[in-house]
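Please keep the sequence and the coordinates in view while reading.

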Amino acid sequence: MKCLIVDDEIFCREFVATLLRTTADCDQAGGGSEALDMYNRALASDEPYDVIIMDIMMPGMSGHDAAMAIRSIEKEQKIDKRVNILMLTALNSANDAMDSFCNAQSAAYLVKPVSKAGLFNVMTKLGVL
Ligand SMILES: [Mg+2]
């Protein structure tokens, strides 16, 4: 399984990568636009990601904007098998807003701090595990 971990904090990326070490091949991006570049490169080389784990709060392009950009690329290129997107949200962000965003973008979300049980639970629900 191919996974892209997107977070502006390297500690968070490394932590998620450690949790998935025996489960997925993980690449990392430090921001939304870098994530988009890597997403496009993976598509172009016909090795798309199975799951993108995306922090929301990042300087520059946010996780929200990057997720929406990915969905519009999939729509433009008529990609049937859409990538699973798992948004990482802070504890204090409004859950109603997250629910409606994730419904609109066919994404799931997980509240930080990420635990192994929480991560594997949501990845099972997404059908990637
Ligand atoms: Mg952040």
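At 3% relative accessibility, Tyr39 counts as buried, and in this predicted model the residue belongs to helix α2. Once its neighbours within four places in sequence are set aside, Tyr39 is in contact with Tyr49, Ile52, Ile70, Ile73, Glu74, Ile79 and Val83. Ser106, which stands 67 residues from Tyr39 along the chain, has its C-alpha atom 17 Å from that of Tyr39.

**Overall fold**

The protein chain holds 5 helices and 5 strands, and when read along the sequence these follow the pattern β-α-β-α-β-α-β-α-β-α. The radius of gyration of the protein chain is 13 Å, which agrees with the value near 14 Å that a compact globule of 129 residues would have. The C-alpha trace spans about 35 × 35 × 30 Å along its principal axes. Of the 129 residues in the protein chain, 44% are buried, while the chain exposes about 6900 Å², with carbon and sulfur atoms supplying 53% of that area. Among contacts with a separation of 6 or more, 58% are between residues 24 or more positions apart.

Which residues have the most contacts inside the largest nonpolar core? They are Leu4, Val6, Ile52, Met54, Ile70 and Met87, in a core that has 25 residues. At least two residues of this core are supplied by each of β1 (2–6), α2 (32–44), β3 (51–55), α3 (63–76), β4 (84–89) and α4 (95–105). Another core, of 18 residues, lies apart from it and includes Ile5, Val51, Leu86 and Leu110. For Leu4, again leaving aside neighbours within four places in sequence, the contacts are with Asp27, Gln28, Ala29, Ala35, Met38, Tyr49, Val51, Ile52 and Ile53.

**Magnesium site**

The magnesium ion is coordinated by Asp8 (OD), Asp55 (OD) and Met57 (O), at 2.1 to 2.2 Å, and the donor residues are spaced D-x46-D-x1-M in sequence. Asp8 lies in the loop between β1 and α1 (10–19) whereas Asp55 lies in strand β3, so the pair ties together parts that are 47 residues apart in sequence. In their accessibility, Asp8 is partly exposed, with a relative accessible area of 30%, and Asp55 is buried, with a relative accessible area of 4%.

**Cysteines**

How many disulfides does a search of the whole structure find? The search finds 0. The cysteine sulfur closest to that of Cys3 belongs to Cys26 and is 4.1 Å away, which is too far for a bond, given that a disulfide requires sulfur atoms within 2.5 Å. Cys102 is likewise in no disulfide, the nearest cysteine sulfur being that of Cys3, at 16 Å.

| Residue | Relative accessible area | Class |
|---|---|---|
| Cys3 | 0% | buried |
| Tyr39 | 3% | buried |
| Asp55 | 4% | buried |
| Cys102 | 5% | buried |
| Asp8 | 30% | partly exposed |

Notes
Residues numbered from 1 in each chain as written. Predicted model: local features only at pLDDT ≥ 70, side-chain atom pairs only at ≥ 80, totals over all residues. Heavy atoms only, no water. Core = buried A, V, L, I, M, F, W, Y, C linked by side-chain atoms within 4.5 Å. Buried < 20%, exposed > 50% of the residue type's maximum accessible area, 1.4 Å probe, protein only. Helix = DSSP H or I, 4+ residues; strand = E, 2+ residues; numbered from the N terminus. Contact = heavy atoms within 4.5 Å. Donors = N, O, S within 2.8 Å, 3.2 Å for Na, K, Ca; no water. Rg over C-alpha atoms; globule rule 2.2 N^0.38 Å. Areas by Shrake-Rupley, 256 points an atom, 1.4 Å probe, with all protein chains shown as cover.
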